[in-house]
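Dear colleague,

Please find below the structure for your records.

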Amino acid sequence: MSRPFFVRQSEFAKLLYHIFLEICEKILLNCQDHHICFNALNMKAKIAQAEGKTEDALTIYKKHFVAKKRIRIAEKRAN
């Protein structure tokens, strides 16, 4: 007897998450464009949130986005 559809769908979603995370890692390792890198980090955080890893998602945002935003604000105030 086959498994219910929602179980197969859940397994498929986990496979897609894994594939997207691999793509994000390759972008972060090889790309020099900081806008594209920020998008890859954003995607990693969204995937972590979708998997129920809220703390991991918040860590990504705090480490990469909040600090960068504070730097940009400080630079604007200095000019």
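The model is predicted. The mean pLDDT of the protein is 82, and 75% of its residues reach 70 or more. Among the elements, helix H2 has the highest mean pLDDT, 90, whereas helix H3 (residues 54-78) has the lowest, 77. Where pLDDT is low, the predicted coordinates should not be read in detail.

Helix H2 comprises 17 residues, 34-50. At the start of H2, a side-chain oxygen of Asp33 comes to within 2.9 Å of the backbone nitrogen of His35. After H2 comes Gly52, which has a positive phi, near 85 degrees. The buried residues of H2 are Cys37, Phe38, Ala40, Leu41, Lys44, Ala45, Ile47 and Ala48.

Turning to the cysteines, a search of the whole structure finds zero disulfides. A disulfide is a covalent bond between the sulfur atoms of two cysteines. For Cys31, the closest cysteine sulfur is that of Cys37, at 4.4 Å, which is too far for a bond; the cut-off applied to a pair of cysteine sulfur atoms is 2.5 Å. The closest cysteine sulfur to that of Cys37 is, in turn, the one in Cys31.

With kind regards

Methods. Residues numbered from 1 in each chain as written. Predicted model: local features only at pLDDT ≥ 70, side-chain atom pairs only at ≥ 80, totals over all residues. Heavy atoms only, no water. Helix = DSSP H or I, 4+ residues; strand = E, 2+ residues; numbered from the N terminus. Expected span 1.5 Å × (residues − 1). Buried < 20%, exposed > 50% of the residue type's maximum accessible area, 1.4 Å probe, protein only. Polar contact = N/O pair within 3.5 Å; in protein donor to acceptor, adjacent residues only side chain to side chain. pLDDT = per-residue confidence, 0-100.
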